[in-house]
Amino acid sequence: MPPRDDPDAPAGRVEVLEPGVRRIVAPNPSPMTFKGTNSYLLGATEIAVIDPGPLDQNHLAALLDALTPDQRITHIVVSHAHLDHSPLATALQKECGAPIYGFGPAGKGRSAVMQRLAESGLVGGAEGIDAAFSPDHELEDGALLKGPDWQLRALHTPGHIGNHICLAWDDICFTADHVMGWASSLVSPPDGDLTDFMASCRRLQKTEWRRFFPGHGDPVENPKARLDWLVAHRQSRERAILAALQSGPADAQSLARAIYGDTPAGLMAAASRNVLAHLIDLVGKNKVAPKAPLRADTRFYLA
């Protein structure tokens, strides 16, 4: 799906999105991060910083400069352990002393299927994993964080990566990389799991949200429609893969070239990882089977 946001990156600029919520975009634009990582400042006096972002001194300065004399950072909350979201947490903590919260290290929350693949070494991946991330406090699903004028509820939403959480704030949800308005989320095994991703989408669909604040791109103003599109998009990819396999066995890369015909060459590797995620999900549904142990280049056929 083509980008829908203004492509001019407002890196370093403080933007008020709601009373009590400000956004600062990190200066790390790329084909995978769009304009850059969104860092959010929640609260009037005791501030929660949601997703500090990549290790960048200019972004650190922008976060600190956004504080007024009566404000202090009391919580640093990380949605997941990717290099564009979590590394700055430690540097920010050194400046403000606030504890770091997250679901857990990068491997926590990984599904049993993906854990077996990771341990076997038969599937590569690990795009942008922050292996050093270790929060001071691990947030279990449903855990609450509170400030004087805000409350966040952690929602474990694995799929993009096993330790991914969304954060519910009244009828608004900080969705990080699970739901974005400019593109669908990358799901790359063994850290990403499409079966989990779809289950997390269905979980979010059970709540009437007013807005989504994603990890990249502008706010999603119609959360229900976006979730419906995201589920339908993944279902259409599944149908396309099954249709392509009717011509005979194929691997993820060749299927991606056939299905993602309009994808720029620089993004074809990510497309292949998405297709591999679908194929592993289809194995679990007994719709396809691998011709060899699971690897990035394994050929699959219709079961």
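Visitor: A cavity here is a set of points on a 1 Å grid where a 1.4 Å probe fits but cannot get out. How many cavities of 30 Å³ or more does the structure hold?

Guide: The structure, which is a predicted model, holds 3 cavities of 30 Å³ or more. The second largest cavity has a volume of about 40 Å³, and the residues that line it are Tyr 40, Ile 50, Asp 51, Ser 79, Leu 167, Phe 174, Ala 176, Phe 213, Pro 214 and Gly 215. Strand 11 (172-176) and strand 12 (211-214) are the elements that give two or more residues to that lining.

Visitor: What does the lining of the second largest cavity have by class?

Guide: By class, that lining has 7 nonpolar residues, 2 polar ones and 1 charged one.

Visitor: And how do strand 11 and strand 12 run, parallel or antiparallel?

Guide: Strand 11 and strand 12 run parallel and are joined by 4 bridges, with Phe 174 standing opposite Phe 213 of strand 12. In a regular strand the side chains alternate between the two faces of the sheet. In strand 12, Arg 211 and Phe 213 lie on one side and Phe 212 and Pro 214 on the other, and all of them are buried, so both faces of the strand are covered.

Visitor: What about Ile 165, is that one buried or exposed?

Guide: Ile 165, which is found in strand 10 (residues 165-169), has a relative accessible area of 1%, and because the cut-off for buried is under 20%, Ile 165 counts as buried. Leaving aside residues up to four places away in sequence, Ile 165 touches Val 78, Ser 79, Phe 103, Leu 139, Ala 154, Leu 155, His 156, Thr 157 and Ala 176. Ile 165 and Pro 214 are 49 residues apart in sequence, and their C-alpha atoms are 12 Å apart in space.

Visitor: Let's move to the 7 strands, in what order do they form the sheet?

Guide: The 7 strands form an open sheet in the order 1-2-3-4-5-6-7, with mixed pairing. Strand 1 (14-18) and strand 7 (137-138) are the edge strands, each pairing on one side only. Strand 1 pairs with strand 2 (residues 21-25) in the antiparallel sense over 4 bridges, and Val 14 stands opposite Ile 24 in strand 2.

Visitor: Which strands does helix 1 touch as it packs on that sheet?

Guide: Helix 1 (residues 57-65) touches strand 2, strand 3 (38-42), strand 4 (46-50) and strand 5 (72-77), and its direction makes about 160° with that of strand 2. Helix 2 (residues 88-96) also packs on the sheet, where it touches strand 4, strand 5 and strand 6 (100-102), and its direction makes about 155° with that of strand 5.

Visitor: How much space lies in the second largest pocket?

Guide: About 180 Å³ of space lies in the second largest pocket. It is lined by 15 residues, and those closest to its centre are Val 113, Met 114, Arg 116, Ile 280 and Gly 284. Helix 3 (112-120), helix 4 (194-205) and helix 7 are the elements that give two or more residues to the lining, and helix 7 gives the most, with 5 residues. The lining divides into 8 nonpolar, 3 polar and 4 charged residues.

Visitor: Which residues does a cis peptide bond join?

Guide: A cis peptide bond joins Pro 189 and Pro 190, with omega about 5°, and Pro 190 is found in the loop between strand 11 and helix 4.

Notes: Residues numbered from 1 in each chain as written. Predicted model: local features only at pLDDT ≥ 70, side-chain atom pairs only at ≥ 80, totals over all residues. Heavy atoms only, no water. Pairing = 2+ DSSP bridges. Contact = heavy atoms within 4.5 Å. Axes fitted to C-alpha atoms, helices over the stretch in contact; angles between N-to-C directions. 1 Å grid on protein atoms, 1.4 Å probe; cavity = no way out; pocket = protein on both sides within 12 Å on 5 of 7 lines; lining within 4 Å. Points joined across faces, edges and corners; volume = space filled by probe spheres on them. Nonpolar A, V, L, I, M, F, W, Y, C, P; charged D, E, K, R; others polar. Buried < 20%, exposed > 50% of the residue type's maximum accessible area, 1.4 Å probe, protein only.
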